[in-house]
Amino acid sequence: MAEVKQAGKTVTLPEVVTVRKLAELLGVSPIEVIKALISDGIMANINQTIDYDTAAIVATEMGFEPRPEAPTVVAEAASSVQAPELAPHHHLYAQEAPENLVPRPPVVTVMGHVDHGKTSLLDAIRLTHVAASETGGITQHIGAHQVEKQSRKITFLDTPGHEAFTAMRARGAQVTDVAVLVVAADDGVMPQTIEAIDHARAARVPLVVALNKIDKPNAQPERVKKQLAEAELALEEHGGEVVCVPVSAKSGEGIDQLLEMILLVADLAELKANPNRLAMGTVIEGRMDKSRGPLATVLVQNGTLKLGDHIVVDGLFGRVRAMFNDAGKRVKAAPPSTPVALLGLSEVPKAGSLFRAAADERAAKTLAAEQAQSGGTARRVTPRLSLDELYAQIQAGKVKELKVVLKADVQGSLEAVRSSLEKLGDEKVKVRIIHEGSGNITESDVNLSIASQAVIIGFNVQTEPTARSMAEAEGIEIRFYQVIYKLIDDVAKALQGLLEPVYQEVVIGRAVVRASFQIGKRGKVAGVYVEEGSVVRNAMARLVRDGERLHQGQIVSLKRFAEDAKEVAQGFECGVGLEGFQDFREGDTLEVYKVERVS
Ligand code: GDP
């Protein structure tokens, strides 16, 4: 907690001061000020102003000697106006003028190791904190729900776990503002706890730790905190920013405080949106309802979604016929950070897809056509980065670090590989391990690599089948090694641009020579019949005679009758000029191939 930092030092306080400014004046984090206020029974968020007397109490508690400032005409409020820090999913809000932005509720995902109580905690929160106006309403499962605390709303996503979180990110959607990391106090930091920390960190989403099962007799909160510190989580009590709240999903203890801390972290992030514009956001889940048709839950991230709005999602357009909130009640409008289930789409959209409201039907159709052309979603597709493409990107100044997801068989080899990798690079480019763990490469690793543009390196491990097919479909590079030396060597070479790309030949066509012609002074060309695939100008070809490869070179000319051709397909005849070869004979085979880079 806030130890006495500047004993006896005087501090001059104005008549009114914001929490943020007070923290600045006292040289402590705003969290410490807010906690001190809470212990004095005052609920204040970071931008709230408090009067001199209150500020003075906090200052005294922190070992200062407060003095009133000589009154001035300059309003304190003016100095507290700051440019909003942008949330990670900033692009949704990027074009908003600051004066149009108003605070919005935080969107929270619960993460943590299996059985540490994620689901129980979500249930406990929902049971105790459903909005007062909604009590009595039967909570519906729509994929997300809102609770109320201090008359403020918090939106929780119902699917816990970093897997779902990162799968969304891999689809280009980031909806989470705050991640609650559940750690069972009787079990401590486990592999998926670390994974969750890494995934939240890679997404730059702030964490609040819920130290769960505190009711259990064998709970050891201090031990868990030590483990968290060892996992390089900067806990607030050690001077960091991460708040840790002891809770029990079973007894309900600590849940109020957890919600307060979520609001606090949200305040620090200054989450804002513009409610007065056409809505946009992300599909949380979708299903086919037998009687009502396609039903989709969307999270409105910016703007307000209204009944009757034209919307576009996955290249399809529709109109909001009905909207239901998490209590199953019909609603007419959904402001930012609100989840609603809606009817009116012609098909079930995919989770993670972007939706947008459009001004009218025509605008919706145009937007839908644009989306359909760009492959369904309107997301910016992040380019994949493979090890041998890295150097070009470094040269172009596009990357400053090589992000790596590292999986190894045992902890010992992980440490050895990590320490060697971290020594590589220079001031231009560094290796950054965004996640490491022992065990096979999983879908969650592949998703993280997609979402964060990381290369996956496996040391003495394999890829789970589902992860492999996913990596193949997404063009994600996975590199396997059995010797550390080779692994380090390859990464070092990639950083220096020395990695030799591997090429392979792919046969694209086969043709048989039927005659040979003299073409002016330029030499002889072969008259061929294309038996398979096609013959392509500028491609490479091999001349095979009686099973023996006589020559290989580029196809420098290709003619169909007298016309130049780019490509001649199976079943047709053409004239082929081969670089460096003229001695064609009837019956020779021409094998046309191209060279592809293997990743
Ligand atoms: P999840 O896998 O992280 O979603 O964990 P669950 O919510 O399914 O909880 C796993 C087990 O721990 C269940 O048997 C819960 O009843 C139990 N559990 C969860 N929270 C608490 C708690 O605060 N106290 C106690 N004693 N048990 C809990």
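A residue counts as buried under 20% relative accessible area, as exposed over 50%, and as partly exposed in between, with a 1.4 Å probe and protein chains only. Buried residues make up 50% of the 599 residues in this protein. The model is predicted: local features need pLDDT of at least 70, side-chain atom pairs count only at pLDDT 80 or more, and totals for chains, interfaces and linings use all residues. Residues are numbered from 1 along each chain as its sequence is written, and side-chain values use heavy atoms, with hydrogens and water left out.

The protein has 15 helices and 33 strands. Helices (H or I, at least four residues) and strands (E, at least two) are DSSP runs, numbered from the N terminus. The accessible surface comes to about 28500 Å². Carbon and sulfur atoms hold 50% of that surface. Areas were computed by the Shrake-Rupley method with a 1.4 Å probe; for residues, only the protein chains shown count as cover. Contact means heavy atoms within 4.5 Å. Among contacts with a separation of 6 or more, 72% join residues 24 or more positions apart.

Helix 3 spans residues 52–61. Its buried residues are Tyr52, Thr54, Ala55, Ala56, Val58 and Ala59. They pack against strand 1 (9–13), strand 2 (16–18), helix 1 (19–26), helix 2 (30–39), strand 3 (49–51) and strand 4 (64–68). Just after helix 3, Gly63 takes a positive phi of about 90°.

Two open sheets are described here. Strands of a sheet pair through backbone hydrogen bonds, either parallel or antiparallel. Two strands are taken as paired if DSSP finds at least two bridges between them. Within it, strand 6 (residues 107–112) and strand 9 (residues 178–184) run parallel and share five bridges. Val110 stands opposite Val180 in strand 9.

Thr193 lies in helix 7 (residues 191–202). Its relative accessible area is 0%, so Thr193 is buried. Gly112 is 81 residues away along the chain, yet the two C-alpha atoms are separated by 4.9 Å. Residues up to four places away in sequence aside, Thr193 touches His113, His116, Leu181, Val183 and Gly188.

Glu236 sits in the loop between helix 8 (221–230) and strand 11 (243–246). This residue too is buried, at a relative accessible area of 8%. Ser29 is 207 residues from Glu236 in sequence, and their C-alpha atoms are 9.1 Å apart. Beyond its neighbours within four places in sequence, Glu236 is in contact with Ile31, Glu32, Lys35, Glu241, Val242 and Val243.

Helix 5 (residues 118–129) packs against helix 9 (residues 255–269) at an angle of about 95°, with the axes 11 Å apart. Axes are lines fitted to C-alpha atoms, for helices over the stretch in contact, and angles run from 0 to 180 degrees between N-to-C directions. Angles under 35 degrees count as roughly parallel, over 145 as roughly antiparallel, 65 to 115 as roughly perpendicular and the rest as oblique. Helix 5 and helix 9 are therefore roughly perpendicular to each other. Helix 5 contributes Leu121, Ala124, Ile125, Thr128 and His129, which meet Ile255, Asp256, Leu258 and Leu259 in helix 9. By class, this contact has six nonpolar, two polar and one charged residues. Here Ala, Val, Leu, Ile, Met, Phe, Trp, Tyr, Cys and Pro count as nonpolar, Asp, Glu, Lys and Arg as charged, and the others, Gly among them, as polar.

The other sheet has seven strands in the order 17-16-21-13-14-20-18, with antiparallel pairing. Strand 17 (316–319) and strand 18 (322–324) stand at the edges; each has a single partner strand, so one side of each lacks a neighbour in the sheet. The twist averages 35° from one strand to the next. A hairpin joins strand 13 to strand 14 through three residues. Nine bridges link strand 13 (residues 280–289) to strand 14 in the antiparallel sense. Arg287 stands opposite Leu295 in strand 14. Strand 14 (residues 293–302) is also antiparallel to strand 20 (residues 339–343), over five bridges. There, Val298 has Val340 as its bridge partner, and Leu299 stands opposite Pro339. Ten of the ten residues of strand 14 are buried, so this strand is largely enclosed by the rest of the structure.
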